[in-house]
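The chain is shown below.

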Amino acid sequence: MFERFTKDARAVVLGAVEYAERGSAESVDDGHLLLALLDREASRGSFALATLGAARQRGAIEGALGGARRRGGLSQADAEALAGLGIDVDAIVSRVEEGHGEGALDGSRSRGKPGGGVGVRGWLGRVPFSREAKETLVKSLRIATARRDRRIGDEHILLALTVRPGVVAEVLADHGVTHAAVDRVLG
C-alpha cells in the first residue's frame, strides 16, 4: 500500500513515526499522524487544515491531544460521561501520577525503565504502528478508492482521521475540522 502514497502522504507517515519516537511512545497512533499532518505545507491536507483554521489552532490541538494522552487515551467526551457517573478522571489521573510519576498513563515506554526504556520496535527498528493507526491508513486507501483517486494523499489521511471514532476525530471536530468540512474544502 505504501507505494500508492504520494510524497506528502509518505512524509506524514514518516513524521508520525518521528513524533512517536521523540515522545518515547510504544506505538505510532492517530495523534502522531495528526501532528505530522499539521507540519505539512503546500499539500492538499495542509490546505484543508489551513482553510478550516486548524493550522492557527495548533497549540490548542496539541493541548487537547496531550490531555487525552495524560488521561490514558480517554477523550474529553469519555471523561465527561464518567463524570456524569460520579467518576472524576482528573482526580484518578492525579493519584496515579502521584504514585508512578507524571504522565504515567500516557503510553510512553520510557517510564520506569532503565536506560530510557528501549521498547518494542517494529519495522527497521522503528516504533510499530498501533492498530488504530493501521486502520486509519487502510481507511485512507478506501477513501482514495471511493473518490477514484489513483494515489493516497495526505488529504485522504486527514479524511480518514475525521471519520474514525476516537480522540483525534473529537479533537478535530472541536476545532472545526469535520469530514463534511474537509470534503467541502477539497471539492
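Which residues in α2 meet which residues in α4? In this predicted model, G31, H32, L34, L35, L38 and D39 of α2 make contact with R58, I61, E62, L65 and R69 of α4. By type, the residues of this contact are five nonpolar, two polar and four charged.

Two packed helices are described by the angle between their axes and the distance between the axes. For α2 and α4, the axes come within 11 Å and cross at roughly 170°. Angles over 145 degrees count as roughly antiparallel, and α2 is therefore roughly antiparallel to α4. The crossing of α2 past α4 is left-handed.

| Helix | Residues |
|---|---|
| α1 | 7-22 |
| α2 | 30-39 |
| α4 | 58-70 |
| α7 | 131-146 |
| α8 | 154-163 |

Helix α1 has 16 residues, which at 1.5 Å a residue should span 22 Å; its end C-alpha atoms are 22 Å apart, so the two values agree. Its buried residues are D8, A9, V12, V13, G15, A16, V17, Y19 and A20. The cover over these buried residues includes α2, α4, α7 and α8. After α1 comes S24, which has a positive phi near 55°.

Leaving aside residues up to four places away in sequence, H175 touches L52, Q57, A60 and I61. I61 also belongs to the α4 side of the contact with α2.

Conventions
Residues numbered from 1 in each chain as written. Predicted model: local features only at pLDDT ≥ 70, side-chain atom pairs only at ≥ 80, totals over all residues. Heavy atoms only, no water. Contact = heavy atoms within 4.5 Å. Axes fitted to C-alpha atoms, helices over the stretch in contact; angles between N-to-C directions. Helix = DSSP H or I, 4+ residues; strand = E, 2+ residues; numbered from the N terminus. Parallel < 35°, antiparallel > 145°, perpendicular 65-115°, else oblique. Left-handed = near helix turned anticlockwise from the far one by under 90°. Nonpolar A, V, L, I, M, F, W, Y, C, P; charged D, E, K, R; others polar. Expected span 1.5 Å × (residues − 1). Buried < 20%, exposed > 50% of the residue type's maximum accessible area, 1.4 Å probe, protein only.
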